[in-house]
Amino acid sequence: MRWVWRGLVLVLLLAAGGALWVVSGAGRGPRVEGTLTTSGLAAPVEVLRDAYGIPYVFAQNLPDLIRAQGFVVAQARLFQLEAYRALAEGRLAEAIGERGLASDREMRTVGLRRNAERHAKLLSPAAREFLGWYAQGLNAYIEDHASDHPVELRLAGFRTRPWTLEDMVLILHFAGWSQSVNYRSELVVQQLIDALGPERAAELFPLNHNPDRQAPPAGRLAAAVPLGVGAALGANQGAAWPLPQPGSNNWAIAPPRAASGAAVVVNDPHLDARMLPGIWFPIGLFSPEVRAVGAALPAVPGLIIGRNAEVAFGVTNAYGDSQDLFVEQLVPGQPGHYLDRGRARPFEIRAEVIRVLDADAPGGWRELTHEVHSTVRGPVLDTQPLGSNGDRVLSLRTMAAELPGGDIGLDRLLVARDAAEVDRAAQQMAPFYFNYVFADRAGVIGHRATGAVPVRRSGHGLFPKPPGDEDDWAGSIPADQMPGRLAPARGWVATANHDTRPDGYPFDYSSFFAPSYRYERIAEVLDAARGMNTDAQRALLTDTKNLQAQRLAPVIVAALQGVPEQADLVAILRGWDFRDRADQAAPLIYHQIYQRLAFETFVDELGEPLARAYLQDWYLWQGRFDALAAQPQSPWFDDRRTPPVETLPELIRRAAAGARAELAAKHGADPKAWRWGAEHRLQFDSPLRRTGFGRDWLGRAPQPVDGSGETVMRARYGFMAGYETQFFASMRFVADLADERKALAVLSGGVVERQFHGHQQDQIDTWFAGELLPLWFAKEAVEANAHKRQTLQPP
């Protein structure tokens, strides 16, 4: 009977799939041929689509170009657009029920919508106009072509409504929020302080390294205040989101290092793009003012990554610290009040009504009230008092709530004429925290970090701090003094989420960065580069050399040398070339031992819950832990639960024994038969089915994947949570400014979100193969490779 029921379920799934094919996929919609009436246009717009469904938009003026961009994005990604908006404004539970409630509470507490509404009023007329054009295009599709909308919207419970300027700004803020949610790291640091005391906890604070800097940046830490945060508050705040650690690599090489004799820009943003069709939307934009190709984020006009006639540009996450937690003192005997510079103030209280999908409730929804308390600095994370006397709470201050008005830079990128103009455009991008790397046709290359970061009088944003008698935030770092440089003498520039602050940098820009291994590997290759062609760039994008393993694996081998039962592990690791390849055993052995070693090092002092919370935040601990390997007698390696005093070699032997037992239980007793790719895999999912039966069928079954968190070909997994890849190259992009015909790119998915559509996941095989596809830049090339033609016609 079990097999009968499974057969019936399969039949139903096949029937549902066939229906989806007809109403949502290749059988119908989005309509991409013929003429479509499109309100808001001043003149007809032509849209050509290539073999992969990538649209190339030809408009007669700039406003129509951006309107048409909004229209074609809505055609292909309306479900994604509505999901992003619901997530950002805290309306997810309205569509998906209880599962979205934690996220909604966090978004309502932080107040992204309120921040966006405030910011929208302050934008320059040019910025408001640019965003408004795009919203007009979205709305033309939403309102005029409802019969063409994807069925996924109804299946997921999302409802469309017109987009406003405030919605557009909300998505800008949401993108910035997803790049800079480091307040949870501050909570973990506070838990370390509470557990270990300030001095000992400081030994575990992040250790950031810029290989190009001669000395560490000057910094100071305010006195830590024990709060007794414990696991409860951290768990509550972590419930809505996983710890976001998107990454990326980008680099630009000057003409003397390029085979073409022109500057080249390369980029691969590392994001969790497992949900099909992915995050980026590739597009070509052409008008009398603009000739550009690249990739945009849905609901964000223009291009984030790309090239125009004169310049090329790419991004990584810069990790600018735009958030601080403050320790607010409650006023004894005055409920609902806190101290601000010695004066009692009442909390501002607002009631947020959240609708939750509930089939048992009248009308299909129930409502709950989420009460948010705020101080002059920002919202209180949890009203449950903290501290030994129960007289403190934590408030969250964000730059997003205090952004000035002005321009947003995205419109300037489209028409930038040289590297200096890209730099100025980047300096206007206050909501985003990018490292822009760029180049121009004259061969000038450069880098600039974007976003608004506070100037802190305290000198740090590492852990919660009392407000003090003077405002800790003294404005923001001047945009032209954010980390960056133009025309470096070495002939290349690169970023890899590492610490880019130069020697003598005067500001507390951030305390949280990626380890520098990926950057150092890029530097090795680019320093030696002469005549780099596209194949060489592609090889570096997919490079699997693990410099961390190159330094630490010999330490592991030395500790296991002479242990008879580990002789085979020693032989495998000793013969390893330190490349994290899916068809090798050594990477699996190394990563398993490394994780167990880190856990064994800290679990005795921290206890398992705090040790796991600390170790799940890779950027918080990895640089510090790796440096400890050079101190084998460090007290951190002594297990305080046992009478002997352990050193690093003893702990490695313990970690190796545990790793061996775990791997043997899953893969057999012979380590030579183990394979990294047997566990390190990447699976793509349909938004309709992310778990359980049918997941593989609606999405893409797991495939072995090279790389790791420390390789240029990044494939990051969760700490001690298996090796399913979470963060990886969501797109690869190469722009050689000598090539007037095309740029090169590939997505880790496709262009169109609709289930079973031919362009939902048609680039995945190319992505796995490490190959690139053309993004056509010359109009004649677009014409020659057009597979679909459509005219958007004014009413």
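In the predicted model, strand 3 (residues 55–58) and strand 6 (residues 281–286) run parallel and are joined by three bridges. Within this pairing, Val57 has Leu285 of strand 6 as its bridge partner. Both strands belong to an open sheet of 11 strands with mixed pairing, in the order 1-29-2-3-6-7-8-9-16-17-20. The edges are formed by strand 1 (34–37) and strand 20 (484–486); each has a single partner strand, so one side of each lacks a neighbour in the sheet. From one strand to the next, the twist averages 20°.

Helix 13 (residues 419–427) lies across part of this sheet, namely strand 9 (311–317), strand 16 (434–440), strand 17 (445–449) and strand 20. The helix runs at about 160° to strand 16.

The largest nonpolar core comprises 161 residues, and those with the most contacts inside it are Trp251, Trp280, Ile304 and Tyr436. Helix 2 (residues 62–89) supplies the largest share of this core, 16 residues.

Helix 15 (residues 534–541) has Gln537, Leu540 and Leu541 among its buried residues. These three lie on the same side of helix 15, because the arc they cover around the axis is only 105°. The cover over the buried residues of helix 15 includes strand 4 (247–253), strand 5 (264–271), helix 14 (517–527) and strand 26 (731–736). At the N-terminal end, helix 15 is capped by Asn533, with a side-chain oxygen 3.2 Å from the backbone nitrogen of Asp535.

Key
Residues numbered from 1 in each chain as written. Predicted model: local features only at pLDDT ≥ 70, side-chain atom pairs only at ≥ 80, totals over all residues. Heavy atoms only, no water. Core = buried A, V, L, I, M, F, W, Y, C linked by side-chain atoms within 4.5 Å. Buried < 20%, exposed > 50% of the residue type's maximum accessible area, 1.4 Å probe, protein only. Helix = DSSP H or I, 4+ residues; strand = E, 2+ residues; numbered from the N terminus. Pairing = 2+ DSSP bridges. Axes fitted to C-alpha atoms, helices over the stretch in contact; angles between N-to-C directions. Contact = heavy atoms within 4.5 Å. Arc of directions from axis to C-beta. Polar contact = N/O pair within 3.5 Å; in protein donor to acceptor, adjacent residues only side chain to side chain.
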